[in-house]
Amino acid sequence: MLPSSDELESLHARVREAAAALKKLGAAEVTKTHTKDMLAGIAREWLKLAPLLRQANVCEAAVLEAFDSDMQGLLNGTTTRARATALRKKLDRFSTKAVDSLIVPLIQFEGSPRQVAARQIQAAFPSSLEPEEAAYVEEASRCVTVQAFRAAIIMLWAAGVARLHRAITNRGFNAFNAAIDSCVSKKGIPYNKVKEGAKISSLPELQRSRDADVIIVGLELFGYDLQAYQELDRLLGTRNDAAHPGQFHPNALDVQQFAQKIGLHVFQAVAP
């Protein structure tokens, strides 16, 4: 996920503080462990953030390459004998240039409609997502920033399915199969769409299950009502439209609404 301007400003403040501390040492060798650890922490954080900034193309590539070079040199300098003046020189460019060349462009980028839409998509979901769920939501947000709205919808549905599968796994395959028996015993739509052969005994079998069956079984297993099921069925139809060539051309608002409904009818309605 793209780092925020607040994160970059915080890093910039740490760089300036470190530069001031090194200035006090003059030309002396840096020997204290906590000083080296502080500098190494700054370098490592930048080197983690840089690929995300480069992927988003928020500033000139040459700017990032120069900062990368400095921070790599700083990190190397913390593992060998080095004078404060040499290490401080590695911080100078970021300290003096980062605001104009990086932080301001990032703030402007955050204010773009696409970025606002991406943040709204993420806001539709709880913060306590599992890694797999979070990865799908983050990818959907990135898709919106490049106007890949069909792909965003597919990723959001995948996030919902990941939550449903996790909930089924936690409740156990026996509970899922019992819910299938309950569906099969009932008459009428949608229960008559579920067949005895939908039963499972392993995670691979669950992953091969039809999403249409899973959301019907959820009526019995998770206890949501028929209206919630009908909304999930419509969302699945939208997902399928997005996955196949046709006249369906979603926009950013469509994706935001899809995210809100997945958040409401899956993540709020189904406990993991």
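Glu 130, Glu 133, Arg 163 and Arg 166 are linked in a network of salt bridges, a salt bridge being a side-chain nitrogen of Lys or Arg within 4 Å of a carboxyl oxygen of Asp or Glu. The structure is a predicted model, in which local features need pLDDT of at least 70 and side-chain atom pairs count only at pLDDT 80 or more, while totals for chains, interfaces and linings use all residues. Residues are numbered from 1 along each chain as its sequence is written, and side-chain values use heavy atoms, with hydrogens and water left out.

Side chains of opposite charge can pair when their charged atoms come close. By the rule stated above, the count comes to 14 salt bridges. One of the pairs joins Glu 130 to Arg 166, with the closest N and O atoms 3.6 Å apart. Glu 130 lies in the loop between α5 (113-123) and α6, and Arg 166 in helix α7, so this pair ties together parts that are 36 residues apart in sequence. Helices here are DSSP runs (H or I, at least four residues), numbered from the N terminus. With 34% relative accessibility, Glu 130 counts as partly exposed; buried means under 20% relative accessible area, exposed over 50%, and partly exposed in between (1.4 Å probe, protein chains only).

Another salt bridge connects Asp 181 and Lys 199, whose closest N and O atoms are 2.8 Å apart. Because Asp 181 lies in helix α8 and Lys 199 in the loop between α8 and α9, the pair ties together parts that are 18 residues apart in sequence. Asp 181 is partly exposed at 34% relative accessibility, and Lys 199 is partly exposed at 30%.

Lys 261 forms a salt bridge with Glu 231, and their closest N and O atoms are 3.7 Å apart. Lys 261 belongs to helix α12 (residues 252-267) and Glu 231 to helix α11 (residues 226-243), so parts that are 30 residues apart in sequence are tied together. Lys 261 is partly exposed, at 36% relative accessibility, whereas Glu 231 is buried, with a relative accessible area of 13%.

Helix α11 also packs against helix α10 (residues 211-221), at an angle of about 170 degrees and with the axes 9 Å apart. Axes are lines fitted to C-alpha atoms, for helices over the stretch in contact, and angles run from 0 to 180 degrees between N-to-C directions. α10 and α11 are therefore roughly antiparallel to each other, the term for angles over 145 degrees. Their contact (heavy atoms within 4.5 Å) includes Ile 215, Ile 216 and Leu 219 of α10 and Leu 232, Asp 233 and Leu 236 of α11.

A further helix pair is formed by α3 (residues 61-77) and α4 (residues 84-110), whose axes come within 9 Å and cross at roughly 150 degrees. These two helices are therefore also roughly antiparallel to each other. Among the residues making the contact are Phe 67, Met 71 and Leu 74 of α3 and Leu 91, Phe 94 and Leu 102 of α4.

Two features of the backbone remain. Most residues other than glycine have a negative phi, and most peptide bonds are trans. Gln 147 has a positive phi of about 65 degrees although it is not a glycine. Gln 147 is found in the loop between α6 (131-145) and α7 (149-171), and is partly exposed, with a relative accessible area of 47%. A cis peptide bond, with omega about 5 degrees, joins Ile 189 and Pro 190. Pro 190 lies in the loop between α8 (173-185) and α9 (203-208).

Methods. Parallel < 35°, antiparallel > 145°, perpendicular 65-115°, else oblique.
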